[in-house]
Amino acid sequence: MLLIVELLLMLIDVTYYILRAVVRVFFHPRPKSVDGELCLITGAGGVLGRLFALEFAKEGARLVLWDCDTVANERTAQMARKQGVEVRAYTVDLSKRQSVYDAAEKVRAEVGDVSILVNNAGVVAGRRLLECPDELLERTLLVNCHALFWTTKAFLPQMKVRNHGHIVTVASALGLFTTACVEDYCASKFGAVGFHESLAHELRVENNDGIKTTLVCPYIVDTGMFSGCEIRKEIRKLIPPLEPLYTVQRSMKAILADQEMICIPRIIYVPFIARALLPWEANVVVYRFMGGDKCMLPFIKNAETKTSCGESQAS
């Protein structure tokens, strides 16, 4: 009897949250204030990282910017300082665990406790699996996935003490479904999604309701990272590469609304759900129709032409 009662209560809760999500599509909740919060953004020298920094600066957040490119990172810092907020820039190699922990300790000593962590940095090798040096494969996994563990371990304890904070994981649509020739990227982003969702569950189990999480899964963003990637021409007109500013602004709305997950654009939810419901062969047929099975081949060709064996594509 108790099981039946709990089952009914669960169904009521499920219905409530579905209806709430539908309502929020049309009536956006009031955005929270992040004025004065200390926000750390990884990959801040890249296109998306820079835009995240500027958007958080507009909201009054103090910024800590991490990137392996000192010049690009400082350029972002200079642009953000024009918004009148405190900005600190640090050169950090996210592929090296000790570099992350040392930089985190420095941030705590020089600036304070981070309350918003935006794990944005990302790279891709841009090579076919059998032709890609192991070092590039490892770097993709280290930066896109392993670094999430290290940054979270570095800053989550202080958030738990205060029961206050927000962890943002910028993953990818390729963390929800796959395509050919980017095994390193898909594996790292699937790992990022799994890490983020497990962490979100852990925080709820431990009743850390003051620490929010947001998972961002955008379609291909026009940053140059996947230059040359093309789906079927007719479909491409309906789902063009995303503009970076649009992507970040949509992400910011979700973050400030404490939204747990956002796919950009919303149509990305369709292949995500289809992947789970349809047989493997049915998904393959759909991929082929859309040109998704070979969409990365032009990108791989471009990357092999433009880069040397020791380089990789970065966001």
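Q: At what angle do H5 and helix H6 (residues 183-205) pack, and how far apart are their axes?
A: H5 and H6 pack at an angle of about 15°, with their axes 8 Å apart. Axes are lines fitted to C-alpha atoms, for helices over the stretch in contact, and angles run from 0 to 180 degrees between N-to-C directions; helices are DSSP runs (H or I, at least four residues), numbered from the N terminus. The model is predicted, so local features need pLDDT of at least 70, side-chain atom pairs count only at pLDDT 80 or more, and totals for chains, interfaces and linings use all residues. Residues are numbered from 1 along each chain as its sequence is written, and side-chain values use heavy atoms, without hydrogens and water.

Q: How are H5 and H6 oriented to each other, parallel or antiparallel?
A: Angles under 35 degrees count as roughly parallel, and H5 and H6 are therefore roughly parallel to each other.

Q: Which residues make the contact of H5 with H6?
A: Contact means heavy atoms within 4.5 Å; H5 contributes residues including Leu137, Leu141, Leu148 and Phe149, while those of H6 include Tyr185, Ala192, Phe195 and Leu199. The residues of this contact divide into twelve nonpolar, five polar and four charged.

Q: Where do H4 and H5 lie relative to each other?
A: The axes of H4 (residues 97-110) and H5 (residues 134-162) come within 8 Å and cross at roughly 25°, which makes H4 roughly parallel to H5. Among the contacting residues are Val100, Tyr101 and Ala104 of H4, with Trp150, Ala154 and Phe155 of H5.

Conventions: Helix = DSSP H or I, 4+ residues; strand = E, 2+ residues; numbered from the N terminus. Parallel < 35°, antiparallel > 145°, perpendicular 65-115°, else oblique. Nonpolar A, V, L, I, M, F, W, Y, C, P; charged D, E, K, R; others polar.
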